[in-house]
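Welcome, and please get your viewer ready. We will go from selection to selection, with a short note at each stop.

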There are 2 protein chains.
Amino acid sequence: MKRNYDIDEINSLKSEINHMDPVDLAESFDEMSVKEIMLRFKLLDKDLAADTFAEMDRDKKREIIERFSDDDVEELITELDEDELVDTLQELPANMVRRVMDEFVVGDRRKVINRLLGYPKDSVGSIMTVEFLSAKAGSNCETVLKRVIASDLDADKLEQIWVTDKSLVLLGYVYLADILRSPDKTMEDILEPLPGSIEATDDQEIVAKIAYRYDLSEIPVTDSEGRLLGIVPVEDAIDIMHEEYEEDLSNIHGVQDTSDEDYLERSCFAIAKDRTTWLIICLITATMTGFIIQRYESLLASSVALAAYIPMLMDSGGNAGTQSSTTVIRALYTGKVHFKNIFAVMSKELKVGLITGSILVVVNFIRMTIIGAHGLSISLTVSATLLLTVTLSKIIGGILPLIADKVHVDPTVMAGPIITTLVDTFALLIYFEVATHLINL
Amino acid sequence: MKRNYDIDEINSLKSEINHMDPVDLAESFDEMSVKEIMLRFKLLDKDLAADTFAEMDRDKKREIIERFSDDDVEELITELDEDELVDTLQELPANMVRRVMDEFVVGDRRKVINRLLGYPKDSVGSIMTVEFLSAKAGSNCETVLKRVIASDLDADKLEQIWVTDKSLVLLGYVYLADILRSPDKTMEDILEPLPGSIEATDDQEIVAKIAYRYDLSEIPVTDSEGRLLGIVPVEDAIDIMHEEYEEDLSNIHGVQDTSDEDYLERSCFAIAKDRTTWLIICLITATMTGFIIQRYESLLASSVALAAYIPMLMDSGGNAGTQSSTTVIRALYTGKVHFKNIFAVMSKELKVGLITGSILVVVNFIRMTIIGAHGLSISLTVSATLLLTVTLSKIIGGILPLIADKVHVDPTVMAGPIITTLVDTFALLIYFEVATHLINL
């Protein structure tokens with residue numbers, strides 16, 4: 001559908017969109033035709049246009065770059081911050097990356113961008129910004145103040161000035177307000193020390209951990225020698241934490257990470273594709289439980305009542321195991337537990353398992369007595385199995401994440417199907433073995 | 001164990017701890033006797049002592065306040081930021097709160113603290129800081145700069161200067177660096193607009209959402225009229241996001257929130273207590289599945305082979321349902337789905353369920369053919385049940401979180417036991433009904 005605007009409408013549209021936040025603007029573009037979006041880009045201030053572009057999804061970014069004139073693309077690319085440009089380039093197809101790099105990124109900027117593009121995906125280096133101001137420890141505050149005033153960095157990059165020694169090794173930072181308030185001092189005098197810095201080759205997950213632990217508002221990134229390379233603002237740490245959270249949920253429940261796209265807008269086939277692999281894995285692992293039940297078919301045939309308690313026993317085991325793994329994964333994440341504590345974890349989960357298991361046995365015994373459907377031998381079999389299963393599940397759930405972490409597998413990947421399969425298998429084996437002995441008494 | 005230090009040791013200890021981060025210091029205090037801690041407090045700079053105290057856990061805080069002299073407590077309390085003091089007071093027993101408020105918090109500060117203590121727990125008001133600098137829109141940059149230089153606020157509270165109109169309604173903010181670079185302009189000229197602000201009575205969860213959506217480094221808090229009351233720095237938003245994340249995990253897996261305490265240090269009874277309630281709920285709801293299996297006991301006795309597929313069918317249903325609920329909960333959280341989309345969600349999950357269900361049926365049919373243990377009628381029964389269960393589970397998993405959100409129940413609370421119980425019940429009913437018809441053919 002084509003729409004024509006008169007001059008008043010254009011003016012009011014211009015004023016409206018120039019007062020919007022780039023995030024909201026980019027979201028409103030989701031529903032618009034490229035024509036409508038291009039009109040709005042012409043009306044936006046250059047700064048705001050670049051920020052909005054950076055927030056758009058990858059398909060829209062590609063369309064914009066394809067349809068814009070060379071001059072317009074150049075203006076846009078020039079206005080993007082280095083880290084925004086790197087993000088964008090990572091989302092574009094190879095031929096478009098070449099066009100953008102060859103035609104619109106020149107001189108020093110090209111060197112910086114190429115260096116940033118060289119860091120592995122999901123590394124700190126690939127998300128850091130290289131826009132910061134640093135000063136030597138001995139510099140006079142007044143001199144630094146002059147550099148701030150003359151700087152063409154955005155103001156939000158000038159809240160903290162980074163302080164290095166003569167060989168550019170990072171020492172700490174100084175707040176702009178402190179520089180203002182003590183013009184006669186040197187950087188060294190008012191230096192704020194760093195609780196920790198991270199290296200550009202580290203996994204980006206560490207940004208969220210450091211920001212969470214030390215409440216930093218900017219996290220400095222160095223090379224292996226401690227020389228300052230860039231900064232990750234805490235706003236980005238929040239995004240990373242959110243990503244990691246989504247990733248954990250995905251691992252635990254077998255849903256692929258689709259944070260880029262809207263659930264309602266994705267095709268059913270795409271969603272089904274994301275989910276099927278995990279369901280197939282679970283289905284195949286369930287073969288194990290089928291085998292065990294088949295093996296004990298004659299026992300089951302002689303005492304069909306046993307079947308009624310299989311779901312309850314498996315669920316209780318699974319839940320007990322997941323509780324332990326969730327707790328241990330959290331403790332791993334915050335650094336309160338390590339592989340070396342594996343025996344402490346085992347002994348703790350053994351005790352917790354015996355306590356909760358005993359309580360469950362009592363509750364279940366009361367429940368079975370009230371319902372009163374089956375005899376004492378079945379009640380005893382179910383009780384014994386419940387206690388053993390819950391205890392064993394707690395131990396398995398407690399130590400598997402530690403082992404996963406030790407062998408550098410994401411513990412949340414293990415938390416799902418592996419624990420369930422192990423626990424289900426053990427629960428059934430215990431159940432039928434106990435039944436064989438108790439019922440044939 | 002008592003230890004004596006000579007003067008050199010004291011000096012080197014002093015220098016060592018005064019170069020540490022408050023977070024690390026507070027953590028190292030966990031293992032120390034109160035005597036050792038008190039010695040270190042005497043050696044710490046006042047600022048660092050207060051920051052470290054704010055990071056300590058509640059029991060240690062109580063001990064310190066009990067054992068310190070009045071003068072020392074007064075010094076500590078005076079150095080705490082208002083939000084740190086409020087946090088501390090919320091952790092102390094009532095008699096200690098009275099003592100601290102009556103003796104060491106005076107004048108204007110007492111008014112502020114009482115107002116902050118009046119906000120409900122988990123509200124934005126209870127975590128915001130009231131340390132900020134604001135200026136009227138018409139103020140000249142040079143005048144504001146003088147106020148910054150004269151201000152006794154910590155430098156990290158002066159990175160953004162907040163701009164209000166004449167009735168103190170918040171309009172936006174200005175970066176300190178921009179004020180420096182344009183001394184002749186007014187606040188209004190260089191104003192950065194706000195994408196959104198939050199009210200002091202809002203739930204703190206909204207801080208994390210706003211910070212995530214708009215990448216803000218400070219989130220302003222207003223009253224219902226839009227007048228500026230306080231600020232929440234994004235570092236705190238990270239803490240809140242982490243808390244919410246833990247809460248979600250706890251709800252889904254029935255583990256109580258114990259982020260305050262270390263897993264390894266908690267007593268087994270405390271851990272068992274946290275976990276038992278949820279396990280009992282799951283056990284009781286499993287009664288339902290037991291009933292159904294009992295009702296079809298004669299069918300099961302005549303065809304024991306059916307039992308072998310019960311775990312697989314229930315697991316597949318449960319997993320399929322959890323996948324959908326996880327996806328919908330995430331979409332709810334980011335505001336991409338609402339209750340009004342319930343029919344769209346149903347239709348989407350119906351289609352996704354049919355697709356994934358069909359694939360699983362094929363995989364399972366191959367699996368059963370390879371193993372070849374049972375006849376065609378059982379293969380058909382299992383296949384039909386698998387398709388129906390997966391589809392129904394997807395729909396249930398998709399709409400339950402929407403309903404929970406609509407009736408203001410946390411959707412993650414519903415994601416666990418309720419979905420599992422519903423799905424298990426349906427899976428068994430479908431299985432036995434299909435079997436009754438197919439096997440008796």
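The tour starts with the ground rules, moves to the interface and ends with single pairs.

This is a predicted model, in which local features need pLDDT of at least 70 and side-chain atom pairs count only at pLDDT 80 or more, while totals for chains, interfaces and linings use all residues. Residues are numbered from 1 along each chain as its sequence is written, chains are lettered from A and ligands numbered from 1 in the order in which they are written, and side-chain values use heavy atoms, with hydrogens and water left out.

**Stop 1: the interface**

Colour chain A and chain B separately. Here 125 residues of chain A are in contact with 125 residues of chain B (contact means heavy atoms within 4.5 Å). About 10800 Å² is buried between the two chains, with carbon and sulfur atoms giving 67% of that area; buried area is the accessible area, found with a 1.4 Å probe, that two parts lose on being put together, summed over both. Now select A:Y263, A:L283 and A:R330: in chain A they lose the most area to chain B, together 7% of what that side buries.

**Stop 2: charges across the interface**

Six salt bridges cross between chain A and chain B, where a salt bridge is a side-chain nitrogen of Lys or Arg within 4 Å of a carboxyl oxygen of Asp or Glu. Show the side chains of A:R275 and B:E349, which meet in a salt bridge at 3.0 Å, N to O. Next, select helix α14 (residues 268–295) of chain A, which gives the most to the side of chain A touching chain B, with 19 residues. Helices are DSSP runs of H or I with at least four residues, numbered from the N terminus. Then pick A:D24, A:E27 and B:R213, which are linked in a network of salt bridges.

**Stop 3: pairs within a chain**

Over all chains the count is 30 salt bridges. Select A:K42 and A:D72, a salt bridge of 2.7 Å, N to O. This pair links distant parts of the chain, 30 residues apart: A:K42 lies in helix α3 (residues 34–43) and A:D72 in helix α6 (residues 70–79) of chain A. A:K42 is exposed at 59% relative accessible area, whereas A:D72 is partly exposed at 24% (buried means under 20%, exposed over 50%, partly exposed in between, with a 1.4 Å probe and protein chains only).

Finish with A:R227 and A:D223, whose side chains meet in a salt bridge at 3.0 Å, N to O. Which of the two is buried, and which is partly exposed? A:D223 counts as buried at 19%, and A:R227 is partly exposed at 33%.

Notes: Helix = DSSP H or I, 4+ residues; strand = E, 2+ residues; numbered from the N terminus.
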